[in-house]
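Grab a pencil and work through these exercises with the structure open beside you. Try each task before you read its solution.

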Amino acid sequence: MHSNALLLERLFSSLNGKDDKSMASCYHSAATFRDIAFNLNGKQEIHDMWRMICSGDIRATFEVLHADDETGRVRVVDEYTFSDTGRKVTNVVDSRFTFKDHLVLEHRDTCDPQAWAEMAMGGVSGFLAGRVGPLRRFKASRKLKKFVEEHPTT
């Protein structure tokens with residue numbers, strides 16, 4: 001198995017173990033992370049996001065589909081309770097990666113934002129969150145900022 005495949009295995013196994021420090025160690029200092037909610041720059045911002053996510057009841061099943069010296073791809077199914085509403089979410093994610101120095105440099109997650117928002121929120125809020133990306137990203141950014149303020153790293 002390619003060393004970057006092992007890196008991706010460690011990343012998602014650490015998510016299941018709620019080990020945000022191990023997850024953060026998989027990222028390059030100049031890493032970026034993008035998904036339907038977050039647009040993060042640098043290892044610290046990414047670590048903060050994983051700290052917040054690991055504080056919940058998330059469980060991921062995953063399959064490393066590809067990994068070589070430059071790129072990687074993982075199919076992930078995340079199952080968790082969306083903390084804002086208490087609703088159960090099963091989110092199918094296509095995760096794509098680029099690597100530098102045997103670490104994740106770019107991490108891009110894609111999923112169906114409308115399906116996610118319907119599961120996570122439902123109703124009018126879910127309708128809007130599924131269709132208005134800036135609103136979704138604003139709320140996620142605000143939630144992460146509040147988490148970091150309430151749970152500073154030591």
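**Exercise 1. Decide whether Asn16 is buried or exposed, and find what it touches.**

Step 1: Asn16 has a relative accessibility of 19%, so it counts as buried. The cut-offs are these: buried means under 20% relative accessible area, exposed means over 50%, and partly exposed is in between (1.4 Å probe, protein chains only).

A word on the model before you go on: it is predicted, so local features need pLDDT of at least 70 and side-chain atom pairs count only at pLDDT 80 or more, while totals for chains, interfaces and linings use all residues. Residues are numbered from 1 along each chain as its sequence is written, and side-chain values use heavy atoms, with hydrogens and water left out.

Step 2: Look for Asn16 in helix 1, residues 3-16. Helices here are DSSP runs (H or I, at least four residues), strands are runs of E (at least two), and both are numbered from the N terminus.

Step 3: Skip the neighbours within four places in sequence, and Asn16 is in contact with Arg59, Ala60 and Phe62. Contact means heavy atoms within 4.5 Å.

**Exercise 2. Check the length of helix 1, then look at what comes just after it.**

Step 1: Helix 1 has 14 residues, and its first and last C-alpha atoms are 20 Å apart. The expected span is 1.5 Å times one less than the number of residues. For helix 1 the expected value is 20 Å, and the helix comes close to that.

Step 2: Just after the helix, Lys18 takes a positive phi of about 55°, although Lys18 is not a glycine.

Step 3: Lys18 sits in the loop between helix 1 and helix 2 (20-24). Its relative accessible area is 35%, so Lys18 is partly exposed.

Step 4: Now try Asp101, another non-glycine residue with a positive phi, near 55°. Asp101 is in the loop between strand 5 (87-100) and strand 6 (103-110), and at 54% relative accessibility it counts as exposed.

**Exercise 3. Work out which side of helix 6 is buried and what it packs against.**

Step 1: In helix 6, the buried residues are Gly133, Arg136, Ala140, Leu144 and Phe147. They cover an arc of only 65° around the axis, so they sit on the same side of helix 6. The arc is taken from the directions that run from the helix axis to the C-beta atoms.

Step 2: Here's the rule behind such patterns: an α-helix has 3.6 residues a turn, so residues three or four places apart point the same way.

Step 3: The buried residues of helix 6 pack against strand 2 (39-41), helix 3, helix 4 (113-120) and helix 5 (123-131).

Step 4: Zoom in on Ala140, which counts as buried because its relative accessibility is 11%. Leaving out neighbours within four places in sequence, Ala140 is in contact with Ala37 and Phe38.

**Exercise 4. Describe how helix 3 and helix 5 each pack with helix 6.**

Step 1: Two packed helices are described by the angle between their axes and the distance between the axes. The axes are lines fitted to C-alpha atoms, for helices over the stretch in contact, and angles run from 0 to 180 degrees between N-to-C directions.

Step 2: The axes of helix 3 (residues 43-54) and helix 6 (residues 133-150) come within 10 Å and cross at roughly 85°. That makes helix 3 roughly perpendicular to helix 6. Angles under 35 degrees count as roughly parallel, over 145 as roughly antiparallel, 65 to 115 as roughly perpendicular, and the rest as oblique.

Step 3: Glu45, Asp48, Met49, Arg51 and Met52 in helix 3 meet Lys143, Leu144, Phe147 and Val148 in helix 6.

Step 4: Helix 5 and helix 6 pack at about 105°, with axes 5 Å apart, and they are therefore roughly perpendicular to each other.

Step 5: In this second contact, Leu128, Ala129, Gly130 and Arg131 of helix 5 meet Gly133, Leu135 and Arg136 of helix 6.
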